[in-house]
Structures are given as structure tokens and as C-alpha cells.
Amino acid sequence: MSEITLTLICCYNDLDQFSNFVASLKNQTCKYNLIPVDNIGNKNFNSCAAAYNSVIDQVSTKFVIFSHQDILLNDMCSSRSDIRYPSP
């Protein structure tokens, strides 16, 4: 079983768009953690940055993707030779 190395943090304020985002995650071939941050009505946070910062301590993976609700993801974990990671 492969290790979870990726966390997605998604700040959302529109439940329909967030549902589409979550549906796009079914295309993934790797394991990931999803941390949704509810900001419907902008009641909890005045910015996405503040929303992301509120949950960053929950991340325990090597990689993090900060996403908005209106993004649809193809397979973010596929092995592609054109993807380059920066050297540490």
C-alpha cells in the first residue's frame, strides 16, 4: 500500500463548486488527504490565505496543494516525465 504524500487544502464558499471539485478527485491514482475549509458566507475568514493558515498544522505530508473550489483536477499523481521538482 502506498504512503500518502500529498495533502489538498481547499477553501470554499460555494457548495456546488466544491462538490464538483470533490468529484474531480475521483480521477486520482494516488492517495491523498483532503482538508476542506468551509467559508460559506465568508463568515469564518476574510481571505483564503487566512483559511489555509487555519489548518496548516493538520498537514503531515511532504507535499501540499492549496486549491480554490473552482478547480477541477485531472490525475495529479500520474507519472509524467515532463514534471520537474525543484532540488532541495
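**Entry 1: Y52 and F66.** I began with Y52, which is buried at a relative accessible area of 11%. The model I am reading is predicted. I then looked up the ring partner of Y52: Y52 and F66 form a tilted aromatic pair, 5.0 Å centre to centre, with 55° between the planes. This pair links distant parts of the chain, since Y52 sits in helix α2 and F66 in strand β3, 14 residues apart. I noted F66 as partly exposed, at 41% relative accessibility.

**Entry 2: the sheet.** I looked up the strand order next and found three strands in an open sheet, β2-β1-β3, with parallel pairing. β2 (33-38) and β3 (63-68) each have a single partner strand, so one side of each is left without a neighbour in the sheet. I read an average twist of 20° from one strand to the next. Between strand β1 (residues 6-12) and β3 I found six bridges. For L6, the bridge partner in β3 is F63. Helix α2 (residues 48-55) packs on this sheet and touches β1, β2 and β3. I recorded about 135° between the direction of α2 and that of β1.

**Entry 3: the other aromatics.** I found three aromatic pairs in the structure. One of them is F18 with F21, stacked at 6.2 Å centre to centre and 25° between the planes. F18 and F21 are separated by about one helical turn because they lie three residues apart in helix α1 (residues 15-24). I checked burial for both: F18 is buried at a relative accessible area of 10%, and F21 is buried at 0% relative accessibility. Y12, F18 and F21 form one aromatic cluster.

**Entry 4: Y12.** I placed Y12 in strand β1. Y12 is buried, with a relative accessible area of 10%. Leaving aside neighbours within four places in sequence, I listed the contacts of Y12 as F18, P36, V37, D38, N39, I40 and Q69. For P36 I also looked up the C-alpha separation from Y12, which is 7.4 Å for residues 24 apart along the chain.

**Entry 5: N39.** Which backbone nitrogen does the side chain of N39 reach at 3.0 Å? I found that it is the backbone nitrogen of F45. A polar atom of the N39 side chain also lies 3.2 Å from the backbone nitrogen of N44. I located N39 in the loop between β2 and α2. N39 counts as buried because its relative accessibility is 3%, the cut-off being under 20%. Not counting residues up to four places away in sequence, N39 touches C11, Y12, N13, N44 and F45.

Technical notes: Residues are numbered from 1 along each chain as its sequence is written. This is a predicted model: local features need pLDDT of at least 70, side-chain atom pairs count only at pLDDT 80 or more; totals for chains, interfaces and linings use all residues. Side-chain values use heavy atoms; hydrogens and water are left out. Two strands pair if DSSP finds at least two bridges between them. Helices (H or I, at least four residues) and strands (E, at least two) are DSSP runs, numbered from the N terminus. Axes are lines fitted to C-alpha atoms, for helices over the stretch in contact, and angles run from 0 to 180 degrees between N-to-C directions. Contact means heavy atoms within 4.5 Å. Buried means under 20% relative accessible area, exposed over 50%, partly exposed in between (1.4 Å probe, protein chains only). A polar contact is a pair of N or O atoms within 3.5 Å; within protein, one must be able to donate a hydrogen and the other to accept it, and residues adjacent in sequence count only if both atoms are side-chain atoms. Rings of Phe, Tyr and Trp (its six-membered ring) pair if their centres lie within 6.5 Å; planes under 30 degrees apart count as stacked, over 60 as edge-to-face and the rest as tilted.
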